[in-house]
Amino acid sequence: EKGNYRHFMQKEIFEQPTVVAQTLGSYLRQSDNSVALPQFDFDLSQIKRVTIVACGTSFYAGMVAKYWFEQFARVPVDIDVASEFRYREPVLEEGGLALFISQSGETADTLAALRHCKENGQTIAVIVNVPTSSMAREADLLLPTHAGPEIGVASTKAFSCQLAVLAALAAHMAVTKGLMSREEEQEVVGHLLEAPAALNAALDHDDDIASMAHLIAPARDVLYLGRGPDYALALEGALKLKEISYIHAEGYASGEMKHGPIALIDDKVPVIVLAPSGPLFEKTVSNMEEVRARGGQVVLISDADGLEQAGEGCLATIEMPKVHPLIAPLVYTIPVQLLAYHVACVKGTDVDQPRNLAKSVTVE
Ligand code: M6R
């Protein structure tokens, strides 16, 4: 039931601190700040390549994770949407781990890709929210998210829980490969355990986001920009906005702007910039300045330090808590979801059942 919420999507957005804590709780041991995965019978340290396959929002969770697997576990990562992967004759070598991410565990293309990888000798890991699903049954390593049933067609809490599991998996792989010391593991786990409180702090800005939604609602096109893991979030933010508000939106790696999309910029195209303080902040802000110099109307999402440095002259700003870069993608999920949600409310669309969409895509 929706309780006091207007929509399931809104309820599910607000459930995230709780369900991310639940999910983290099943992969992290708080007694000694270590990662603990369920039992499985292959050697994670011998994995030579990780192939991530998923669709939609689950695919964007995988895109974030690629950065983590490479950074922590120094393992090459391939990632593709399932509908492309299954028809492109991918090269699947021995010693590969194929990782499938799906809320439902039933998405037809993802399931077909899983079976293809199985037939081609890959070890199969799945991250699913429905533990009785087809994908769960066919996995060598089953990593459930504990988001609870997700009713809104636009995926929200499943995504943040997928990120939580993926971060734990990448860290664990690094530990098994001897690339992450005990102290580093404790530090990483400590940061992950800070995520639920940071998500709550992000949700505290719901009113600010609601009151600026009318600035975005009249737009015909919206761009989202980010770098690194926040590039994946830019894509996710654009997908959320398209799905429920029917506004055309695109996510771009901020460094790509000058290779084409900047031609679109005028004062009618809001540009949402995701720029947490951290190693990529300056670069993202300089791309933001290029947009502003062409009349682009920027909504900057950053922490207090970032907004102080770069917030002036923006159409609007959204303040996030200052967090470690590892958990920034989890935290910045909240404002992109809330922005799409409130814009859809201004437009009066059917938030939980957007037109032309089904919750689970079981046909290809
Ligand atoms: O159940 P799955 O995670 O496999 O579903 C994948 C996509 O269909 C899903 O994420 C879709 O893109 C959502 N409607 C996004 O909000």
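A residue is called buried at under 20% relative accessible area, exposed at over 50%, and partly exposed in between, with a 1.4 Å probe and protein chains only. By that rule E150, at 6% relative accessibility, counts as buried. The model is predicted, so local features need pLDDT of at least 70 and side-chain atom pairs count only at pLDDT 80 or more, while totals for chains, interfaces and linings use all residues. Residues are numbered from 1 along each chain as its sequence is written, and side-chain values use heavy atoms, with hydrogens and water left out.

E150 is found in the loop between β7 (141-144) and α7. Helices (H or I, at least four residues) and strands (E, at least two) are DSSP runs, numbered from the N terminus. The side chains of E150 and K359 are joined by a polar contact of 2.7 Å. Such a contact is a pair of N or O atoms within 3.5 Å; within protein, one must be able to donate a hydrogen and the other to accept it, and residues adjacent in sequence count only if both atoms are side-chain atoms. Contact in general means heavy atoms within 4.5 Å. Neighbours within four places in sequence aside, the contacts of E150 include E12, Q103, S155 and K359.

Around the ligand there are 13 residues, of which S58, S102, Q103, T107 and E243 come nearest. A residue qualifies as near if one of its heavy atoms lies within 4 Å. An N or O atom in the side chain of S58 is 2.6 Å from a ligand oxygen. For S102, a polar side-chain atom also lies 2.6 Å from an oxygen atom of the ligand. S155 contributes a polar backbone atom, 2.8 Å from a ligand oxygen.

Strands β3 (residues 49-54) and β4 (residues 77-81) pair in the parallel sense over five bridges; pairing requires at least two DSSP bridges. V50 stands opposite V77 in β4. With helix α3 (residues 56-73), the two strands make a right-handed β-α-β unit. Right-handed means that, with the strands pointing away from the viewer, the path from the first strand over the helix to the second runs clockwise.

V50 is also among the members of the largest nonpolar core, of 100 residues, that touch the most other members, as are W68, F69 and V222. A nonpolar core is a set of buried Ala, Val, Leu, Ile, Met, Phe, Trp, Tyr and Cys residues joined through side-chain atoms within 4.5 Å. Another core, of 18 residues, lies apart from it and includes V273 and F281.
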